[in-house]
Amino acid sequence: MAANGSRGLAEAMRGLRIASHSCREAAAPTRIRWTAPARSMATEASLPTTTSSPSSALWRPATSVPVTIFDFPSYEPQRLESWSTKHLYLPLRRDILHLAVIYEGDNTRQGTASTKTRWEVAGSHKKMHAQKGLGKARAGTRQSPIQRGGGRVFGPKPRDFGTKITRKVYDLAWRTALSYRYRRGELIVCQDGMELPLPPDFAVLLQRGGLRENATELEASFRAKWAKQVLDSNDWGRRAGRSTFITTSPRDNLFEALGLVPNWGRALDVADVDVKDLLETGRIVVEREALLHMIDMHQSDITSPSYLVTNAALPKAVSGEIIVE
């Protein structure tokens, strides 16, 4: 009986294993092998090829900007020149301009204010009156700061208010101011020899002595009226925020006429110009030679000393080349 029972249990277990194996095969998903479809030559496309672009196709920033040279005072264009971007197209740097203006203002201060201390005031240093018995407040000498006419406590003394700035930073501020004016269209470059001559008829009248009574006053009045007319016709006058005229040397007629109308403009020699002067008025009218002089004197940050780099290996920023004449 025991043998028959164990044999029946083994057959039952064998049947269960066969059944479970068949169930797993039935439940397993059928795997389909994928094959790439054949393509004909008509529909076959070539793979894209990537090629590196040549160096000439790369973007490069401009190295020069155009500058129109005008005639004065007719304001007629004469020619077109190419100027370096390192001279007239620098980005605006308010911090550098601020440093330069403060530097110029500090070095302009005289610093001559001076007061006397109690030891420098003239007079006797004797005690004014007795300490007690008079019913008065105690007092020392007449030079005491609390006495009228006495010395000054912590008063000003002659001193130097000047500050320092790096030369390269100051030169960069110069060209930044010029670039700011150029970007806004407020830098007018004229031919050399700017002068404001009187009209021919009035000049002949002066030579013939037609103005006898009050000749000086009449001439000054006409010069002022003539200067206003020229500046307003070119949009350089009071409505445009005045103009600063910069020349290589003083010009008698121009400087005298603008001196009579300070609210319309002013004239400066190139040696008297500062960064602040380039930022104050609405227009900057400058001679071409004066502009070249200012740039040549303030470009230490873009040039190297001759003992470090040879002139042949040093790339120079060139300005003033004629494009159209």
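Predicted model: local features only at pLDDT ≥ 70, side-chain atom pairs only at ≥ 80, totals over all residues.
Glu81 counts as buried, at 0% relative accessibility. Across the whole structure, a search finds 14 salt bridges, and here is a short tour of some of them.

**A buried glutamate and its partner**
- The partner of Glu81 is Arg79, and the closest N and O atoms of this salt bridge are 2.8 Å apart.
- Glu81 falls in the buried class because its relative accessibility is 0%, and buried means under 20%.

**A link from helix 4 to a loop**
- Arg175 and Asp301 form a salt bridge in which the closest N and O atoms lie 2.3 Å apart.
- Arg175 sits in helix 4 (residues 167-183), while Asp301 belongs to the loop between helix 9 (288-297) and strand 7 (321-324), so this pair ties together parts that are 126 residues apart in sequence.
- On the arginine side, Arg175 is buried, with a relative accessible area of 1%.
- On the aspartate side, Asp301 has 27% relative accessibility and counts as partly exposed.

- Arg251 and Glu287 meet through their side chains in a salt bridge, at 2.5 Å from N to O.
- Glu287 is in strand 6 (residues 283-287) and Arg251 is in the loop between strand 4 (243-247) and helix 7 (252-260), so the pair ties together parts that are 36 residues apart in sequence.
- Both residues of this pair, Arg251 and Glu287, are buried.

**A network**
- Salt bridges also link Arg266, Lys276, Asp277 and Glu280 in a network.

Technical notes:
Residues numbered from 1 in each chain as written. Heavy atoms only, no water. Salt bridge = Lys/Arg side-chain N within 4 Å of Asp/Glu carboxyl O. Buried < 20%, exposed > 50% of the residue type's maximum accessible area, 1.4 Å probe, protein only. Helix = DSSP H or I, 4+ residues; strand = E, 2+ residues; numbered from the N terminus.
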